[in-house]
Amino acid sequence: MDELLQQLVNGFSNGAVYASLALSLVLVYRASGLLNFAQGEMAMVATYGAWELTERDIPVAVAIAIAMAGSFVFGALIERLLIRPVGDAETHALPLTIVTIGGFITLNAFAQWRWGTAVRSFPPLFGNGKITVAGAIITHQVIGTVASLLVVVGLLFLLFQKTKLGLAIRSVSSNVESSRLVGVPVGVVLMVSWGIAAAIGALAGGLVAGNQDLSPFMMQFILVSVFASATLGGFDSPLGAVVGGLLVGVFEVLIGRYVGIVGTDLALGATFVLILGVLVVRPQGLFGTAKVRRV
């Protein structure tokens, strides 16, 4: 029982990171209908920026906050300078996808050029302390990671439900043309959405680097699980991103630990089998909205 609880703790820790990055993917997808394949590399570069600040004796929490602010600006500029000139996702889906893949390659190459491929140590945001609950060891980093996810979800809820900006984002995600007709500044809303997504990604990058080593490749395998999480929950549902991330995190840990034929090496493959089963029954994901097309 103690071991099972420990595995659940580990799964929720991984799942909270998946959910944070899946939220950033969902925000971009809801606003612009685009899958941003560069999201993980944007987070990785931001984390390197935070690491450089910590090397100058700036506290890690402050460094991550500065990285999030810089990422907000960076994400907004990417939308304005690279995405918008290409066109909208409905009519230019393939060119935009190529642009984001190009961003993935470029950012990864830049990180290797700027910081090299050597593995670096990133200080954990919540320290190295730990507590024991019912025989399971729970680190402060795990508690902080889950708490950070809850704070992000709470702030996004307040943004979407209680502010004019949130209402504008919801309007644009529902119908761009109608939003323009009623005076919503669609361009500004898209820039802000990309900026918020990039900032959340920077936070997730800091949490990932605090749990493992910092390298230019740290987000690539994680991003596969992140896409799986968003697919499972539904790409147009922030709630689905959170639930999907937590489910994928727990599922990967449990099946890797208790199903010998799978093990840790094939856990991600088993996750895709699970997702395939869900999508056969519910193609839009667990919380996604079914799209109705008129013929």
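Select F37 first: its relative accessibility is 28%, and it counts as partly exposed. Partly exposed is the range between buried (under 20% relative accessible area) and exposed (over 50%), using a 1.4 Å probe and protein chains only.

The model is predicted, so local features need pLDDT of at least 70 and side-chain atom pairs count only at pLDDT 80 or more, while totals for chains, interfaces and linings use all residues. Residues are numbered from 1 along each chain as its sequence is written, and side-chain values use heavy atoms, with hydrogens and water left out.

Searching the whole structure gives five aromatic pairs. Rings of Phe, Tyr and Trp (its six-membered ring) pair if their centres lie within 6.5 Å; planes under 30 degrees apart are stacked, over 60 edge-to-face, and the rest tilted.

F37 sits in the loop between α1 (2–32) and α2 (39–55), and F227 in helix α9 (residues 220–233), so the pair ties together parts 190 residues apart in sequence. Helices here are DSSP runs (H or I, at least four residues), numbered from the N terminus. F227 is buried, at 16% relative accessible area.

Next, select Y48 and W115. Their ring centres are 4.5 Å apart and the planes lie at 10 degrees, so they too are stacked. Y48 belongs to helix α2 and W115 to helix α4 (residues 93–115), 67 residues apart. Y48 is buried at 0% relative accessible area; W115 is buried at 9%.

Finally, show W51, F110 and W113 as well: ring pairs link them with Y48 and W115 into a cluster.

Terms used
Helices (H or I, at least four residues) and strands (E, at least two) are DSSP runs, numbered from the N terminus.
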